[in-house]
Amino acid sequence: MCPHANGDNLPTDPSQMVPVNISHTNGTTTNGVKARPNGIPGAQPRNPYAPRYADFLSNVSNFKIIESTLRGSQSSCLYAPEGEQFANAFFDTKTKIAIAKALDAFGVEYIELTSPAASEQSRSDCEAICKLGLKAKILTHIRCHMDDARIAVETGVDGVDVVIGTSSFLREFSHGKDMAYITKTAIEVIEFVKSKGIEVRFSSEDSFRSDLVDLLSIYQTVDKIGVNRVGVADTVGCANPRQVYDLVRTLRSVVSCDIEIHLHNDTGMAIANAYTALEAGATHIDTSVLGIGERVGITSLGGLVACLYAANPEYVKSKYNLSMLREVENLIASAVEVSIPFSNPITGYCAFTHKAGIHAKAILNNPSTYEILKPEDFGLTRYVSIGHRLTGWNAIKDATNKIKELADVRTQSMEDVDTVLRVYHTGIVNGDFLVGESDKLDKLLQRHRQSSASDLTTIA
Ligand SMILES: [Zn+2]
């Protein structure tokens, strides 16, 4: 089994790292923005990572997350949670409840579950999660079918997400229904769910390979009968940000209800596409923890949060308990037996570790120089790596020269580095040598090693 916990966000060898004080007080606020730009008293700090152009459609600072880790996928296997398809893992009831509670504690607005029509177990799990009394609204994801809808509304969910394939591929090779049949069934199911006083969303499947006229026509129809949201799905992960922007913006101009988007990550675009969808007027984004899902998965919760935090940190901090993110990711990683990828935004192995000397100097002066995310906002720690040959003198001033010299011979452990620093510091404080007198430092280090060795001999 793969190791899965991401520990304390530590780099490869913790013995070579030093944590850095993150309470930086050089007059900067979040993301390094000066509190009073241009010296204008009372001026609002401007976030340099925020969208540059005001766009009245943009919901980058006004969105909701529909967390779909526990949901049935939209494509070939409707009934298996995205996460289960990812790694052949299986979420038992206890695990599902733990995940739902963790997501709720993180603060997602919606938690979406597998269709209760999938199996007796799915139905009872759905009921159990509804009974937890979570703050998040509970949704379930069903086929556009009256039989499924009847079962779903009895479980106590806050809303039902209805889906049907609209692309020519799905119409021809999957369910074999034409648009007239799809529209008629959609109206019947939506009106039934609405009559129960709960939310209802209608989504097409494989939207980006569906006929645009068909798509807009059915969305307009369901909008008119009062659906809460329409959903767009890049089921095969084929869309690029420009296509997403165009489709969502067009849709925004023809419906008045909310717009949800579900994006697969086959070409690595899922986070970028989600951001673009919000810019074009989407209101709800589907995510899964670590992006797990069918094939290479969907928009990841952590990645989306990182991206939206960069755009508006205060808004994201006000909505979500960001220090919970690592715990939530560890929980899912453990359940599906995978590692946290080293490149994972925020919680990846070395997300807040700085190695090269020139970076270390800037980071120590102002962390925002090389960071757009503040580790402390996520309950994490910034590290500067000092026990290697790229170490610059700025990290620990003069003593780094000695460490570099020693590290050229062999990698230095934390103890080795600590010894150099202590001997150097003591020598300077005692007036044994001045800055730059490296030969004297060498002698002091030699003396220190000899006395340590004789101490060990005495003990032995
Ligand atoms: Zn999906």
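In β7, which residue is the bridge partner of Arg201? The legends below take up this point and others.

This is a predicted model, in which local features need pLDDT of at least 70 and side-chain atom pairs count only at pLDDT 80 or more, while totals for chains, interfaces and linings use all residues. Residues are numbered from 1 along each chain as its sequence is written.

**View 1. Strands β6 and β7.** The bridge partner of Arg201 in β7 is Arg229. From β6 the chain passes through helix α7 (residues 212-224) to β7, a right-handed β-α-β crossover (with the strands pointing away from the viewer, the path from the first strand over the helix to the second runs clockwise). Strand β7 covers residues 229-234 and runs parallel to β6, with three bridges joining the two. Phe202 stands opposite Val230 in β7. Helices and strands are DSSP runs numbered from the N terminus, helices being H or I of at least four residues and strands E of at least two.

**View 2. Strands β5 and β6.** Seven bridges pair β5 (residues 159-165) with β6 in the parallel sense; two strands pair if DSSP finds at least two bridges between them. Ile164 stands opposite Ser204 in β6. Of the seven residues of β6 (residues 199-205), six are buried. A residue is buried if 20 or more other C-beta atoms lie within 10 Å of its own, exposed if 12 or fewer, and partly exposed in between, with C-beta atoms placed from the backbone.

**View 3. The barrel.** Eight strands form a closed barrel in the order β2-β3-β4-β5-β6-β7-β8-β9, with parallel pairing. From one strand to the next the twist averages 25°. Lys137 lies in strand β4 (residues 137-143). Its C-alpha atom is separated by 4.7 Å from that of Tyr110, 27 residues apart along the chain. Lys137 counts as partly exposed because it has 17 C-beta neighbours inside 10 Å.

**View 4. Helices α6 and α7.** The axes of α6 (residues 179-195) and α7 come within 10 Å and cross at roughly 25°. α6 is therefore roughly parallel to α7. Axes are lines fitted to C-alpha atoms, for helices over the stretch in contact, and angles run from 0 to 180 degrees between N-to-C directions. Angles under 35 degrees count as roughly parallel, over 145 as roughly antiparallel, 65 to 115 as roughly perpendicular and the rest as oblique. The crossing of α6 and α7 is right-handed (the near helix is turned clockwise from the far one by less than a right angle).

**View 5. Nonpolar cores.** The largest nonpolar core has 93 residues, of which Val160, Val248, Ala274, Ile285 and Ile332 touch the most other members. Another core, of eight residues, lies apart from it and includes Ala399, Ala407, Val420 and Val423. A nonpolar core is a set of buried Ala, Val, Leu, Ile, Met, Phe, Trp, Tyr and Cys residues joined through C-beta atoms within 7 Å.

**View 6. Two residues with positive phi.** Asp206, in the loop between β6 and α7, is not a glycine but has a positive phi of about 55°. Asp206 counts as buried because it has 21 C-beta neighbours inside 10 Å. Glu337 is found in the loop between α12 (325-336) and β10 (353-354), and its phi is also positive, near 55°. With 13 C-beta neighbours inside 10 Å, Glu337 counts as partly exposed.
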